[in-house]
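Visitor: I would like to learn how to read a few features of a model like this one. Could we take them one at a time, with the general idea before the particular case?

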Amino acid sequence: MKIMKKFLLILFTFHLSLFTSQSQTVSSLYQPGVTSEGAVYFLPKTAVNVTLLVEKTSYQPGEFCRYAERFLRLRDVSPESSVSYRIVGIKQYPVAVADTAKRYAVKFDAKTVASNVRLSDDGVLLAINADPAENASVQRFVAAPRESLPSPRRFMSEEILSAGSTAKMAELTAQDIYEIRESRNLLVRGQADNMPKDGDQLRLMLHQLDLQDRVLTSLFAGNVSRDTAEYTFMVVPDKEIQRDVLFRFSQKLGLLDQDDLGGTPYYIIIKDLQTVPPAEPVDPKKKNKPVQGIYVNIPGKMRVSVSNATQTLVTDDFPAGQFGHVELLSGALFNKRYTTRLTLHPVSGAVERLDAELPK
């Protein structure tokens, strides 16, 4: 699930009477019906999007493929159509999803300043009294437009089209191809009878000759087209992953399901780097008791790798809230004595920026 750039602004305005500077923001584990006035928020955990770029190559034999070697000296031209696939790119990047195990409710009253809460579309806490941090943009794949070639019939002479057999058509077409190549060589050498007057006209003539050569030669050599598609797999780890099959891939069939044995398996490995010491155990008697403050993540780090049977293809380290623990920011930071602005990292849920200023 992607974090959207639009955020839910929850603005609570309360009567400012009975002001006391000791009032603090109260946060608790969310239970339906317990909190009547406040905001329910989640802390994030880190998911990993693995994206693949898969190139599909299609070969379609030409009409004169059986005469390719005879007339154009083209060897190993197959008369059979074929399709093949290959992976041309793989990368991974982190995204945040709401951690339903870290769901809290914060209650506001008129004596606190924690009244401007920014949430993502799925309820992840992003900022209080501040603009959310911008998430790093991911450059998305955009397929290049496919080139459309004209029909070879457009460049065939009347003599070719009226030939009595395919072999005769192939022979006459090959003669035209050699004449086109000779005309191009004369233009390049400046030896043509009617040389163009300027460079633009020369480029246009060479382009037209190249196009005719390519289209007519395709009748012998066939047509090869390539299409590239992007596929994305999201993995949301709650614990280490030793060697799970992420997908399978076949040169003949392309991308396959995890359980399709027709392809070679590709694995994902996620390791907890244990950069954060374990949190102290919580007293069961205080577990659901309202506390003063705002919960934030102290994220750990995870190492994510994608490999096949012979090599590791990509490895990255990402912050991960699920491999860290939760910390409480004191509610005193959000009383009326301070102007407090809190910004959290949009993926890890860690404190990105915290400003607490005394009013002038």
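This is a predicted model: local features need pLDDT of at least 70, side-chain atom pairs count only at pLDDT 80 or more; totals for chains, interfaces and linings use all residues.

Visitor: Which other strand is joined to β6, and by how many bridges?

Guide: Strand β13, residues 339–344, is joined to β6 by two bridges, and this pair also runs antiparallel; within it, A127 stands opposite T343.

Visitor: Is D355 buried or exposed?

Guide: Burial is read from relative accessibility, with the cut-off for buried at under 20%. D355, which is found in strand β14, counts as buried because its relative accessibility is 18%. Its side chain makes a polar contact of 2.8 Å with the side chain of R353, and, leaving aside neighbours within four places in sequence, D355 is in contact with T339, T340 and R341.

Visitor: At what angle do the axes of α3 and α4 cross?

Guide: For a helix pair, one reads the approach of the axes and then their angle: the axes of α3 (residues 166–189) and α4 (residues 199–221) come within 10 Å and cross at roughly 155°. Angles over 145 degrees count as roughly antiparallel, so α3 is roughly antiparallel to α4. The crossing is left-handed, and the residues that meet there include A170 and I177 in α3 and L202 and L209 in α4.

Note on methods
Residues are numbered from 1 along each chain as its sequence is written. Side-chain values use heavy atoms; hydrogens and water are left out. Two strands pair if DSSP finds at least two bridges between them. Helices (H or I, at least four residues) and strands (E, at least two) are DSSP runs, numbered from the N terminus. Buried means under 20% relative accessible area, exposed over 50%, partly exposed in between (1.4 Å probe, protein chains only). A polar contact is a pair of N or O atoms within 3.5 Å; within protein, one must be able to donate a hydrogen and the other to accept it, and residues adjacent in sequence count only if both atoms are side-chain atoms. Contact means heavy atoms within 4.5 Å. Axes are lines fitted to C-alpha atoms, for helices over the stretch in contact, and angles run from 0 to 180 degrees between N-to-C directions. Angles under 35 degrees count as roughly parallel, over 145 as roughly antiparallel, 65 to 115 as roughly perpendicular and the rest as oblique. A crossing is left-handed if the near helix is turned anticlockwise from the far one by less than a right angle, and right-handed if clockwise.
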